[in-house]
Amino acid sequence: MMSAMARNRLLLLALNLIWVMTGSLGAQTGWVLINHRLAGNHGGGSPASWMVRATDHFDIYYERQHERALDEIAREAERAYARVSFDLKHELAARVPLILVQTDRELPQDRRQASELVRASGAPDRDHVLLALEPSDGRAVLLVHELTHQFEFEMIPLSSGVPAWVHEALSDHETGTWTPSDLVRLRDAAAAGVIPTVAGGAPLDRLWGHAVLDFVAAEYGTQGMRRYLTALRNSAQPSDSVLAPFGITASDFDRAFQTYVRTRFNDR
Ligand SMILES: [Zn+2]
């Protein structure tokens, strides 16, 4: 499991990357100009110390000293892709640029550092996944989380009107795991009987969004979860119209969700 600190760093990184991605969509951001200029200086190719290995769904940007780890990373990345692609029934339009660094201490802490790393690696000017080789513990989980964001950018962009909680909640859901701190919060809520009434339109956060997606997937399968995500695109909040494809009323949905949370998370 990732430590809380490592997780916080990763969340920060994820936020930075989202900024970078959104920024690159802007017509003329500094980000875009810098990258275009450097791509020109390098003749469109990679700087000498960085190399690229293409797998079925990734272009892995790495430095020579990390070559030994590449087979393992390529396997992890393709396993993550298979998992997310299967769940979401979607294939990404292009290979994902995956940039490797040695340790999580080398991961960028802000967008300036992120742009420097991307520039140095020679990766193209679009959204990337950055990955630290160490710690290897929790690396596969992080990879699934970050890769899920790439699918979200294509499938349910911010402009599609989905509620704000969906992106992080879906990325967390796809990892199939819960962090210890999230588990504590859910167990406390379950023990106290403080579980949000989802279908009634209560605003959800990342934690409860993750729990709802786990519930929908457990109850209705991955196909049900995809239907739920599609319905959310057209609705600011879960409501009877969101639940219509499931043939269930809002109150039945909430009752079932509360039972699910109490059963799964209240182990006291
Ligand atoms: Zn994220």
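Pro-135 is found in the loop between β4 and α5, where helices (H or I, at least four residues) and strands (E, at least two) are DSSP runs numbered from the N terminus. The peptide bond from Glu-134 to Pro-135 is cis, with omega near 0°. The model is predicted: local features require pLDDT of at least 70 and side-chain atom pairs pLDDT 80 or more, while totals for chains, interfaces and linings use all residues. Residues are numbered from 1 along each chain as its sequence is written.

Lys-89 has a positive phi of about 50° although it is not a glycine. Most residues other than glycine have a negative phi, and most peptide bonds are trans.

The largest nonpolar core contains 29 residues, of which Leu-98, Leu-100 and Leu-147 touch the most other members. Such a core is a set of buried Ala, Val, Leu, Ile, Met, Phe, Trp, Tyr and Cys residues joined through C-beta atoms within 7 Å; a residue is buried if 20 or more other C-beta atoms lie within 10 Å of its own, exposed if 12 or fewer, and partly exposed in between, with C-beta atoms placed from the backbone. Elements giving two or more residues to this core include β2 (58-63), α3 (70-88) and α5 (139-155). A second, separate core of 26 residues includes Val-162, Leu-204, Ala-211 and Leu-243.

Helices α7 (residues 180-192) and α10 (residues 250-265) pack at an angle of about 115°, their axes 9 Å apart; axes are lines fitted to C-alpha atoms over the stretch in contact, and angles run from 0 to 180 degrees between N-to-C directions.
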